[in-house]
Amino acid sequence: MKEYKCKYCGETFEKPLLLARHVRSTHKRAKTREKRGVEKEKLSDQINRTIEAIGILKGLQVSPNLSQGEKKLLQEVSQGIEELLAYTQRSK
Ligand SMILES: [Zn+2]
(Lines give C-alpha, C1' and ligand atoms only; values in the text may rest on other atoms or scores of the structure.)
Protein backbone atom coordinates (compact mmCIF):
# COMPACT_ATOMS: atom_id res chain seq x y z
CA MET A 1 0.00 0.00 0.00
CA LYS A 2 1.25 3.43 -0.89
CA GLU A 3 2.03 5.76 1.92
CA TYR A 4 2.30 9.50 1.84
CA LYS A 5 5.17 10.71 3.91
CA CYS A 6 5.35 14.15 5.44
CA LYS A 7 8.50 15.88 4.19
CA TYR A 8 8.74 17.91 7.38
CA CYS A 9 8.47 15.29 10.15
CA GLY A 10 8.38 11.92 8.35
CA GLU A 11 4.95 10.92 9.61
CA THR A 12 3.06 8.77 7.09
CA PHE A 13 -0.56 8.98 5.96
CA GLU A 14 -2.84 6.76 3.91
CA LYS A 15 -4.29 9.52 1.80
CA PRO A 16 -2.75 12.62 0.25
CA LEU A 17 -5.66 14.59 1.63
CA LEU A 18 -4.78 13.58 5.17
CA LEU A 19 -1.15 14.48 4.57
CA ALA A 20 -2.11 17.89 3.16
CA ARG A 21 -4.29 18.55 6.17
CA HIS A 22 -1.51 17.48 8.52
CA VAL A 23 1.02 19.76 6.81
CA ARG A 24 -1.40 22.68 6.87
CA SER A 25 -2.25 22.34 10.54
CA THR A 26 1.12 21.23 11.90
CA HIS A 27 3.81 22.79 9.77
CA LYS A 28 2.46 25.94 8.19
CA ARG A 29 3.14 28.06 11.23
CA ALA A 30 6.62 26.60 11.65
CA LYS A 31 7.39 27.37 8.04
CA THR A 32 6.40 31.01 8.47
CA ARG A 33 8.60 31.27 11.53
CA GLU A 34 11.51 29.77 9.63
CA LYS A 35 11.05 32.26 6.82
CA ARG A 36 10.99 35.13 9.27
CA GLY A 37 14.25 33.88 10.78
CA VAL A 38 15.89 33.86 7.37
CA GLU A 39 14.70 37.38 6.67
CA LYS A 40 16.04 38.58 10.00
CA GLU A 41 19.40 36.99 9.22
CA LYS A 42 19.46 38.67 5.83
CA LEU A 43 18.65 42.01 7.41
CA SER A 44 21.40 41.79 10.02
CA ASP A 45 23.82 40.73 7.28
CA GLN A 46 22.77 43.80 5.33
CA ILE A 47 23.23 45.99 8.39
CA ASN A 48 26.74 44.67 8.95
CA ARG A 49 27.65 45.42 5.35
CA THR A 50 26.16 48.89 5.65
CA ILE A 51 28.24 49.60 8.76
CA GLU A 52 31.28 48.46 6.81
CA ALA A 53 30.35 50.76 3.91
CA ILE A 54 29.98 53.72 6.28
CA GLY A 55 33.47 53.01 7.55
CA ILE A 56 34.79 53.09 3.99
CA LEU A 57 32.93 56.32 3.24
CA LYS A 58 34.38 57.92 6.35
CA GLY A 59 37.84 56.81 5.32
CA LEU A 60 37.30 58.36 1.90
CA GLN A 61 36.31 61.68 3.43
CA VAL A 62 39.85 62.30 4.63
CA SER A 63 41.37 61.39 1.28
CA PRO A 64 43.57 64.26 -0.04
CA ASN A 65 42.36 63.61 -3.60
CA LEU A 66 38.87 64.90 -2.93
CA SER A 67 37.61 68.42 -3.30
CA GLN A 68 35.75 70.14 -0.47
CA GLY A 69 32.48 69.61 -2.36
CA GLU A 70 33.14 65.90 -2.76
CA LYS A 71 34.05 65.53 0.91
CA LYS A 72 30.88 67.32 1.89
CA LEU A 73 28.83 65.04 -0.35
CA LEU A 74 30.40 61.91 1.15
CA GLN A 75 29.79 63.22 4.64
CA GLU A 76 26.14 63.88 3.87
CA VAL A 77 25.66 60.47 2.28
CA SER A 78 27.27 58.57 5.14
CA GLN A 79 25.25 60.58 7.63
CA GLY A 80 22.08 59.74 5.72
CA ILE A 81 22.93 56.04 5.75
CA GLU A 82 23.67 56.17 9.46
CA GLU A 83 20.29 57.76 10.13
CA LEU A 84 18.54 55.13 8.03
CA LEU A 85 20.42 52.41 9.85
CA ALA A 86 19.48 53.78 13.24
CA TYR A 87 15.87 53.93 12.10
CA THR A 88 15.99 50.33 10.85
CA GLN A 89 17.45 49.04 14.09
CA ARG A 90 14.87 50.93 16.16
CA SER A 91 11.94 49.48 14.23
CA LYS A 92 13.23 45.89 14.44
ZN1 LIG B 1 4.59 16.38 9.47
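**Basis.** I worked from a predicted model, in which local features need pLDDT of at least 70, side-chain atom pairs count only at pLDDT 80 or more, and totals for chains, interfaces and linings use all residues. Residues are numbered from 1 along each chain as its sequence is written.

**Whole chain.** I looked up the secondary structure and found two helices and two strands. Helices (H or I, at least four residues) and strands (E, at least two) are DSSP runs, numbered from the N terminus. From the N terminus on, the order reads β-β-α-α. The chain is more spread out than a compact globule, because its radius of gyration is 25 Å, well over the 12 Å that the globule rule gives for 92 residues. That radius is taken over C-alpha atoms, and the rule is 2.2 Å times the number of residues to the power 0.38. I noted a C-alpha trace spanning about 80 × 25 × 15 Å along its principal axes.

**Burial.** I found that 0% of the 92 residues count as buried. Buried takes 20 or more other C-beta atoms within 10 Å of the residue's own, exposed 12 or fewer, and partly exposed lies in between, with C-beta atoms placed from the backbone.

**Glu 70.** I located Glu 70 in helix H2 (residues 68–91). Glu 70 is partly exposed because 13 other C-beta atoms lie within 10 Å. Its C-alpha atom is 9.8 Å from that of Leu 60, ten residues apart along the chain.

**Glu 83.** Glu 83 is also in helix H2. I counted 10 other C-beta atoms within 10 Å, so Glu 83 is exposed. The C-alpha atoms of Glu 83 and Lys 40, 43 residues apart along the chain, are separated by 20 Å.
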